[in-house]
Amino acid sequence: MTVGIVMLVHTALGRAEQVARHWAASGCPVVIHVDKMVPKKTNDAFVKALSDLPDVLFSDRHRCEWGTWGIVAGSQSASELMLEKFPQVRHVYLASGSCLPLRPVQELIDYLADRPRTDFIESATTADVPWTVGGLDHERFTLRFPFSWKKHRYLFDRYVNFQRKIGYRRRIPRGIVPHMGSQWWCMTRQTLSAILQDPDRESYDRYFRKVWIPDESYFQTLARQYSTNIESRSLTLSKFDFQGKPHIFYDDHLQLLRRSDCFVARKIWPHADRLYEVFLTDAAGAMKRTEPNPGKIDRIFAKAVERRTRGRPGLYMQSRFPNYGWENGMTSGPYSVFQGFSDLFEDFEPWLAKATGARVHGHLFGPKRVEFAGGESVMNGALSDSAAIRDYVPAAFLTNLIWNTRGERQCFQMSPRDTQDAAEFVAKDPNAQISVISGAWSVPLFKSNRNFADIRKEAAKLQRIENDFLDIMRNPNAKARVRIWTMAEFIEAPMEPLQTIIDEIGHRALRRLSEVPKMAELAGFGQFLQNLKNQGMHPYLMGDFPVARDTSQNPRKPRKPYLVQ
Amino acid sequence: MGAWQSYRLRLKRRRWRIRAFRKRREMQPLANRTSRIKPGDILLFCTLRNEHIRLPFFLKYYREQGVNHFLFVDNDSTDGSGDYLAQQDDVSVWHANASYKKSRFGVDWLNWLQMRYAHGHWCLTVDPDEFLVYPFCDTRPLRALTDWLDASSIKSFAAMLLDMYPKGRIDEQPYRIGQDPLEIANWFDAGNYAISKNHNFGNLWIQGGPRSRVFFPDKPAKAPALNKIPLVKWHRSYVYASSTHMLLPRGLNLVYDEWGGEKASGVLLHTKFLDTFAAKAAEELTRNQHYSASVEYKAYAASLQDNPELWCKWSEKYINWRQLEILGLMSKGNWA
């Protein structure tokens, strides 16, 4: 008893010949179906090349276009020929010209001999599998598909929509439950002959002729009718990408294939000389030496699909430029933005760096230059501190910075004195943690030694800018983690908000803050605000600062760095 | 895109094709071996001027990758580039002494040659200082990539220009003929590229890198474009619109995914910054034959006089394509 190989061939006939010889050399009869699209001359040469092998036969030829009946018709005639001419065959293995046996053929023969009644054919009902491409799962059995999906995609889609609209449905023949699965199977003579000699075969064939991609459903469905023992998996290792197209194996997959523990792999690149050489000439040594590790191939191809469909979060590059809302992460990692903190606290940046271990930049969007941490003129990824380059595409500057420093938390300061181009982007980014002390921009003005008329003008401008900024932050579309305190609110109890922010950054183990940044001296600040008011410029973003409060607090000055347990 | 815009682009494409047709007489064949091109061959197209010193390594690099035939346009070289190329078995070379600028920087010439010889072939268009790196290029030949692109029904393949530079002064290490220029210029900027979309042609516009950082810190909009689509399954109706930055019909420019995924892409290692650069920049300044009144070369000349160093603390040293893939400069897409 042995295994018969039915081989469907359409290109790379040289490789197909090599593989056919390999099968035949181990005593497996081979029946080859050559696609009718192959020119007669090429076919004749191919047939002639294999004419020295008595156990290699050629079946009637059918025209095989992807997704059409031809492939099934080809498998049928080749299988019939196989069953008729080689009575010693118990299992028939359907393979393609680009399949490559990975393990010694004798192992496959022994394996199947141990399971004389088992049909290896992947077969699942349409409702239960997510494989389908183009959204057609059950509909491939109930609609008609007269137009080629590859050549006349437009007509194909239109006609499907039309049928959906008028509610057209084909009747599925009685007694059949549509199943689908890999087109590469291995079935016993009993099951296969039952399918091929079924008295109703003509009606089934007529039905499946019009089903879309029948090679994935014809045998898979009918095997369910006759098989006594279906093992729903394919013995052929075959991985598919997101478009339902098989992944191709190259020379550099040699180690993976060696350890895959599979009998046959598809599809092999015809020019992968090393794979053919190793697996066809050194069959005994090809597979055995290392521990089988079939999971690794799965992971590699699953990752490839993931990369093609989801991509790396926060990456913008020549072949990934997502539309808004499709970024799968606008930036590659969380970061923190502080507005007003460095105005209110004198040593906020070093303190924050010490408390969190994060990289703390100054005003990245400062009007004159980019204030990188440590006053650097270039940052990770050779990001320049030129304000002009940054402002050319501000979002790109920010996403680049976060991408270049993957694995390290970035913090930076903002202020109404900075360019505001990035505000909208930051507000929409769920990775941004934004903390604002509104009105704190007035502290440097309060400290400055400038004419009050200038101060008043500047204050009016800054207040307007910050108000716009806060509007953006409070917009319902904003997805960032935004916290806003008025300045009055904040200095009432500065510890609690600071603790929350630091905990959220959460680089270090959670513990109470033992050291806090030094707050600017604010004696007289209430009066300063009152003066602005008296000049007709009403500062409102900092909350209520009674003029009187300063005087009552005066005895406590100067404020010392404080410690909270 | 509206029907009107589509119609205008169609007219534009036709105009460029006619232009290429008219410019064909500016080229005289020095060696025409195009009859040796077999169906399915991978072709390489290139315009050059006085690049003899680079050619031996250039040919070697691409022969090893699996290019089957080279088609050069020699723009009036005086260093023997044309004769050298004419002696090579797998090279066809044309001589042109007309204006580089008026041929739209060689694009018209190459468009004609491509229309004539590249139909149905995979066709790589690069400069003599550009070296293609694609996913798995250390283990798989170019043919593996083009076969995969064919199987995936992809017609064009993006490879962004990545400027390579040496550590230290540009003119410190002399380049010897036949040498791998990456032995000298093996540093690059990893993450300072700004991208915007060109809605008219549908391509991405990428600027940045060392040239933007050092030569154009105040006028980043003037920095050269780095997006390139050098590898195309050619059809005679295609044209390159502006260098290899973009093509028509514009569907070919859609080499990026807009729904979050990554398409496969490569990188063109740009080894312009060798010791030969200063002389080249000086010559180009007097010829004034480059893009936008040679603004690029003027900026180079100004910066290079005082500090010809592009290297900085955060420059990255080139190792291989996997490094570029991890840095996010190129992607394997779903090729595995």
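# Notes on a two-chain model

1. Let us start with one residue: B:Phe105 sits in the loop that runs between strand 4 (91-96) and helix 4 of chain B. Please keep in mind as you read that this is a predicted model. For background, most residues other than glycine have a negative phi. Because B:Phe105 has 18 other C-beta atoms within 10 Å, it counts as partly exposed.

2. B:Asn50 also deserves a look. Its phi is positive, about 50 degrees, and B:Asn50 is not a glycine. You will find B:Asn50 in the loop between strand 2 (42-48) and helix 2 (55-65) of chain B. Is B:Asn50 buried or partly exposed? It has 19 C-beta neighbours inside 10 Å, while a buried residue needs 20 or more, so B:Asn50 is classed as partly exposed.

3. Now follow helix 4 of chain B into a helix pair. Helix 1 (residues 3-23) of chain B packs against helix 4 (residues 107-117) of chain B, with the axes 8 Å apart and an angle of about 90 degrees between them. The two helices of chain B, helix 1 and helix 4, are therefore roughly perpendicular. On the helix 1 side of chain B, the contact uses B:Trp16, B:Arg17, B:Arg19, B:Ala20, B:Phe21 and B:Lys23. Helix 4 of chain B answers with B:Asp108, B:Trp109, B:Asn111, B:Trp112 and B:Met115. Sorted by class, the residues of this contact are 6 nonpolar, 1 polar and 4 charged.

4. Helix 6 (residues 189-196) and helix 8 (residues 218-226) of chain A have axes that come within 9 Å and cross at roughly 110 degrees. That angle falls in the range of 65 to 115 degrees, so helix 6 of chain A is roughly perpendicular to helix 8 of chain A. Which residues meet here, in helix 6 and helix 8 of chain A? Helix 6 of chain A brings A:Thr191, A:Ala194 and A:Ile195, and helix 8 of chain A brings A:Phe219, A:Leu222, A:Ala223 and A:Tyr226. This contact holds 6 nonpolar residues, 1 polar residue and no charged ones.

5. Next, the strands. In chain A, 5 strands make an open sheet with parallel pairing, in the order 14-17-13-18-19. Why is one side of strand 14 and of strand 19 of chain A left without a neighbour in the sheet? Strand 14 (359-363) and strand 19 (481-486) of chain A stand at the edges and each has a single partner strand, so one side of each has no neighbour in the sheet. From one strand to the next, the twist averages 15 degrees. As a reminder, strands of a sheet pair through backbone hydrogen bonds. Strand 18 (residues 432-438) and strand 19 of chain A pair in the parallel sense over 6 bridges, and A:Ser438 has A:Thr486 as its bridge partner.

6. Chain B has a parallel pair to compare by eye. Strand 8 (residues 159-163) of chain B pairs with strand 15 (residues 266-270) of chain B over 5 bridges, in the parallel sense. Strand 8 of chain B is mostly covered, with 5 of its 5 residues buried.

7. Two peptide bonds are worth checking on the screen. For background, most peptide bonds are trans. The bond from B:Leu248 to B:Pro249 is cis, with omega near 0 degrees; B:Pro249 lies in the loop between strand 14 (246-248) and strand 15 of chain B. A cis peptide bond also joins A:Arg266 and A:Lys267, where omega is about 5 degrees. A:Lys267 belongs to the loop between strand 12 (264-266) and helix 10 (273-281) of chain A.

8. Finally, zoom out to the two chains. In total, 48 residues of chain A are in contact with 52 residues of chain B. Among the elements of chain A that each supply at least two residues to the side touching chain B are helix 12 (295-309), helix 15 (387-392) and helix 16 (394-404). Helix 12 of chain A gives the most to that side, with 7 residues. The side of chain A that touches chain B has 24 nonpolar, 14 polar and 10 charged residues. Helix 16 of chain A is mostly covered: 11 of its 11 residues are buried, including A:Phe397, A:Leu401 and A:Trp403.

9. One more view of chain A: the domain assignment gives domain 1 (2-309) and domain 2 (335-556). The C-alpha centres of domain 1 and domain 2 of chain A lie 64 Å apart.

Definitions and conventions:
Residues numbered from 1 in each chain as written. Chains lettered and ligands numbered in written order. Predicted model: local features only at pLDDT ≥ 70, side-chain atom pairs only at ≥ 80, totals over all residues. Contact = placed C-beta atoms within 7 Å. Helix = DSSP H or I, 4+ residues; strand = E, 2+ residues; numbered from the N terminus. Nonpolar A, V, L, I, M, F, W, Y, C, P; charged D, E, K, R; others polar. Domains from an automatic or database assignment. Axes fitted to C-alpha atoms, helices over the stretch in contact; angles between N-to-C directions. Parallel < 35°, antiparallel > 145°, perpendicular 65-115°, else oblique. Buried ≥ 20, exposed ≤ 12 C-beta atoms within 10 Å, placed from the backbone. Pairing = 2+ DSSP bridges.
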